[in-house]
Amino acid sequence: MTEPASPPVPASTAVDRRLLDAVVAVADGLELDPTLRRIVRAASDLTNAPFAALGVLGDDGLHRAFVYTGIDSELAHAIGHLPRGHGVLGHITRVGRAVRVSDIGEHPASMGFPAGHPPMKSFLGVPVGIGERVVGNLYLADKTGGFTAEDEDVVVALAAAAAVAVENSRLFEDARRREAWLAAAQEVSTVMLEGAEEDEALPLIARRAREVAGADVCGLVLPGWEGQWVLEVADGEHADELVGIVMPEDGRAVSVVRSGRGVRVADLSQQRTLRVPAMRHWGPALYAPLVAGDERAGVLVLLRRIGAREFTDDDLTTAQTFAGQAALALQLADGRRRSEEAEILEERARIARDLHDLVVQELFAMGMRLTRLRGTLDARSLGDVDLSLESLDRVVRQIRSTIRALRDPDEVTGLVERLHSEANRAHNALGFQPVLTVVDDALVDAQVPPDVADDVIAVVREGLSNAARHARASRVEVTVAVDAGVLVVEVGDDGRGVDPGTSRRSGLENLGERARRHGGGCEARPNGTGGTVLRWTVPLGG
């Protein structure tokens, strides 16, 4: 006997099973794009609609993600821009309920189709919502005979699944973004606490912030001369065009420094009161203060290209946390360096005491014994003793000079020695040792007065810092000489040269003012080989 055939499955039951399968499939992954594509395909299959699409809304109410089926790549290319969420789609978002019409062109919110778009008539659109918040819209079009109430029920159910997928994806992305920011902050802190110099850590902060934030460029606004705030470090596209910009006192960056509160901007290119013209080439922006306790260390600036998606409040929160941790790492590293310097000074003081209490006293006692012996010696031996006494006197003077240097190195160190120290400090920032030439060390130390010597150190320090941060040089030469009563200081590099369009003039103006105080001058000019020469001159008088 043959078994009786199974009764046919009702169409509604088959649809229910396929809908259940589709909803279960949606829960399989956290990646948003493939999940949305599964939903769109299911909507098209279950309703027999030739075209289906799903758009996820951004903070601006327009689509930030959009997937579709029913249009091939060639036709999509001919259409050009995909829907952003205007017209009937925008109406669905505003009213928050389904729209089902037999002819989309007759709907009051219809704005027509773009050139190259195939004609479509029947339409079914459903908002994708989480609670009262609409996060997207799922819609289908051009079904023969129009869409039914049953189709609407199916699409509403899929829209609910899509809402869960969008929210899960958002939570997943938020967690992943926070984890990435935390890893970047830990990397910066580790590098700083392991002894990295500031000039090495600042580019790392800019690079990691740009990478994690998905920005096109990141800049660091840091304190400059005379209380100015300068964009000193940048990483990313066209970063060179931003380095050296002096931020206006009434501008956004300085206000963030003073308030300690970050801000985000939808589109810098559309700002009417933008104080920095170079910033008009950028779209979305985010400003996060580098704050550690009461110390304002600067501002982290993130920029995206015009037309890119805006930064969100979550982006601002995580960026501020990262900036605060970076500022704390810089502060702790500075404290560590100060502690090490204090230990060095303490050790120098101990050595100075030992030299004074042990060595000098012993030499003095030796001199006293030799002096008492003079009366018992013949003429030849007497000459030898006198020479020994003179030698002892020179040694004592040298040791006492060393003791003074150990106790207060800044007070007694000559200009030439200070110049060598500056050159050595610049090695880490430059990545190589600058060449220092002092023409006639003794003459420079003898003729340059202390107040001018302090300015010479400032000139060399600024020149080496510029070469390290901006010039991208492979060789830097420092020359100091006294020529015909004029002190000449030159810092030359083989880097990118002077950009005539740059707004970075604060450092050069400061050095010029230092020269003018002594009746001298300062200029930065091309050196003939593509680099720059900073020349600072001061007359030394009679």
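A contact, in this passage, means heavy atoms within 4.5 Å. The structure is a predicted model, in which local features need pLDDT of at least 70 and side-chain atom pairs count only at pLDDT 80 or more, while totals for chains, interfaces and linings use all residues. Residues are numbered from 1 along each chain as its sequence is written, and side-chain values use heavy atoms, with hydrogens and water left out.

Among contacts with a separation of 6 or more, 60% are between residues 24 or more positions apart.

Two packed helices are described by the angle between their axes and the distance between the axes. Helix H2 (residues 32–47) packs with helix H5 (residues 149–193) at an angle of about 175°, and the axes lie 10 Å apart. Here the axes are lines fitted to C-alpha atoms over the stretch in contact, and angles run from 0 to 180 degrees between N-to-C directions. H2 is therefore roughly antiparallel to H5, a label given to angles over 145 degrees. On the H2 side, the residues that meet H5 include Leu32, Leu36, Ile39 and Leu46; on the H5 side, Val154, Leu158, Ala162 and Ser169 are among them. The residues of this contact comprise 13 nonpolar, three polar and one charged. Nonpolar covers Ala, Val, Leu, Ile, Met, Phe, Trp, Tyr, Cys and Pro, charged covers Asp, Glu, Lys and Arg, and the others, Gly among them, are polar.

The strands come next. Strand S1 (residues 51–57) is mostly covered, with seven of its seven residues buried. Phe51, Ala53, Gly55 and Leu57 point one way from S1, whereas Ala52, Leu54 and Val56 point the other way. Six bridges join S1 to strand S5 (residues 133–141), and the two run antiparallel; strands count as paired if DSSP finds at least two bridges between them. In S5, alanine 141 stands opposite phenylalanine 51.

Further along, five strands form an open sheet in the order S12-S13-S14-S16-S15, with mixed pairing. Strands S12 (435–438) and S15 (521–526) stand at the edges with a single partner strand each, so one side of each has no neighbour in the sheet. From one strand to the next, the twist averages 10°. S15 is joined to strand S16 (residues 532–539) by six bridges, in antiparallel fashion, and proline 526 has threonine 532 in S16 as its bridge partner.

Conventions: Helix = DSSP H or I, 4+ residues; strand = E, 2+ residues; numbered from the N terminus. Parallel < 35°, antiparallel > 145°, perpendicular 65-115°, else oblique. Buried < 20%, exposed > 50% of the residue type's maximum accessible area, 1.4 Å probe, protein only.
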